[in-house]
Amino acid sequence: MSTITLKAGREKSVRNRHPWLFSGAIQQIDAAARDGDTVDAYSNTGQWLARGYLNRRSQIQVRLLSWQESETIDEAFWRRRLQRAIAGRAALAADPSTNAFRLVHAESDGLPGLVVDRYGDWLVMQCLTLGIERVKPLLARLLVELCQPAGIVERSDVDVRGKEGLRPVVGMAHGAAPAGPVEIMEHGQRFLVDLLGGQKTGFYLDQRQNRQRVASYCQGARVLNAFSYSGGFAVHALAAGAQRVTNLDSSLEALELGERNLALNGFDPDAQAEGVVGDVFQVLRGWRAAEERFDVIILDPPKFAHSQQQVDRAARAYKDINLLAMQLLPPGGLLATFSCSGLVSADLFQKIVFGASVDAGREVQVIERLSQGTDHPVLLSFPEGEYLKGLICRVTG
Ligand code: SAH
C-alpha cells in the first residue's frame, strides 16, 4: 500500500475523523502511488492514522474512508458502507407515501464523493471524485445487488468533477434508460422527474420535509413559489388548501414540468395556478411597482455562494430577494426563505434576513427553522455537510 505522510502537527483533524486531507497538510506522497489509489496516511512521527483515496490534482488530495488499520478497502468494505447508508433510510423506505429520497449522502455517509438517490424503482448515482470513478462499476454492481433497481442512471454532470480532472458523464450505469420522466411519490403527491435531463439528479429531494412544513401554512392563501423548479412546493401548497399558486422560474422546461405535476395531482393548472418565466430579481421588482400581493412567498434560490470570495455578493443577493418578498407581503404574510449555500451559515443567513426586514421597515417573527431532510444527514466530524437552511417567518408591521 502506498503511503502519504502529514506535516508535523497536522494530524488533529484526521484523528477527529474529518474526511478531507488538503495539500497544505501533506509533507510527502509516495511517488509510486497513482491518483485514484488507496493510500495509508501516517503522522510525521510515523503513526498510522487513516486510509483513503488519493488525487494529487485536487486541493483535497486524500478523502479518508477508514480509521481502522485492519479494514481493507475492498468489495466487502463498499458493500458494508452502502448497506449502512441504506439501513439509515429504513424508516423512509417503509413510508408508503414517499418513494424518492437520498440513499447515499457522500462524506456524511462515509462514502466521500458518492451520491445515490432513489426515485421509485430507479436509482441515480453521481460520482464526484476520481477515487469513486475508479470503483464505479463495482458500486453499480453492489447497488443492483442491494436495491434491485429498474436501472441506474449516472448523473455525474457536475462542475466539481473538473477539480478532480474528470469530465462530465451522463448515461446509464445499469440497465436501459427510462422511457421518459419517471413518476415518484412524495408525501402522497405525485411528481414527474426527468432523471437524465432534469436539474441535479432530477428533483430537489433535500426540500422534501420543508415542502410539507411550508404547505401547512398555505390554506386559503395566494402563494408565490419563487425559484419553483418543477413546482414541488406548489403541489404541496395546493394539496394543503392554497387558493392559488404562482410558480416563478427562469427555466421554461421546469415550469412546463411543473404544469404537468399540477395536473397529475388533479389540480387545474389554469384556474388554480400560474407559471411565470423570468428572473426573480426583476419580476419581483415589477410586482412591487404594481403593488402585487401574496399571502405566502417561498424563496428557494440556487446556490449563490460557490466560494468564500462570493459570500459577500451572495449575501447582497439574498438580502435583495428577501427585501423584495417582504414588500410583496401584506401584514401577517408568511415568508419561507431558504439558502443552500454551505458557505452562508445559518447565523449569517438569519442576519441577512434581518437586514432585509430593517430595510423593508417590517417586523419579522421566525416561526420555524428548517434544514435539509433526514436523508441528508450531517456528520458531526464533517460540518461542511450541512448546507441547507430555511426560515419560516411571519412578516408583520
Ligand atoms: N424549490 C424547488 C427547487 C429550486 S432550485 C423545488 O422544491 O424543487 C432553484 C431554481 O431556481 C431552479 O429551477 C432554477 O432554474 C431557478 N433559477 C435560478 N436562478 C433564477 C433566477 N434568477 N430567477 C428565476 N429562477 C431562477
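Rings of Phe, Tyr and Trp (its six-membered ring) pair if their centres lie within 6.5 Å; planes under 30 degrees apart count as stacked, over 60 as edge-to-face and the rest as tilted. By that rule, the whole structure holds 10 aromatic pairs. This is a predicted model, where local features need pLDDT of at least 70, side-chain atom pairs count only at pLDDT 80 or more, and totals for chains, interfaces and linings use all residues. Residues are numbered from 1 along each chain as its sequence is written, and side-chain values use heavy atoms, with hydrogens and water left out.

**Aromatic pairs**
- Tryptophan 20 and phenylalanine 382 pair edge-to-face, 4.9 Å centre to centre, with 75 degrees between the planes.
- Both tryptophan 20 and phenylalanine 382 are buried (under 20% relative accessible area, 1.4 Å probe, protein chains only).
- Phenylalanine 304 and tyrosine 318 form a tilted pair, with centres 4.7 Å apart and planes at 45 degrees.
- Phenylalanine 304 and tyrosine 318 are buried too.

**Around the ligand**
- The ligand is surrounded by 15 residues (a heavy atom within 4 Å).
- The closest are Arg211, Asp249, Asp279, Val280 and Asp300.
- A polar side-chain atom of aspartate 279 sits 2.6 Å from a ligand nitrogen.
- For aspartate 300, a polar side-chain atom is likewise 2.6 Å from a nitrogen atom of the ligand.
- The ligand alone exposes 580 Å², and the protein buries 90% of that (Shrake-Rupley method, 1.4 Å probe).

Definitions and conventions
A polar contact is a pair of N or O atoms within 3.5 Å; within protein, one must be able to donate a hydrogen and the other to accept it, and residues adjacent in sequence count only if both atoms are side-chain atoms. Buried means under 20% relative accessible area, exposed over 50%, partly exposed in between (1.4 Å probe, protein chains only).
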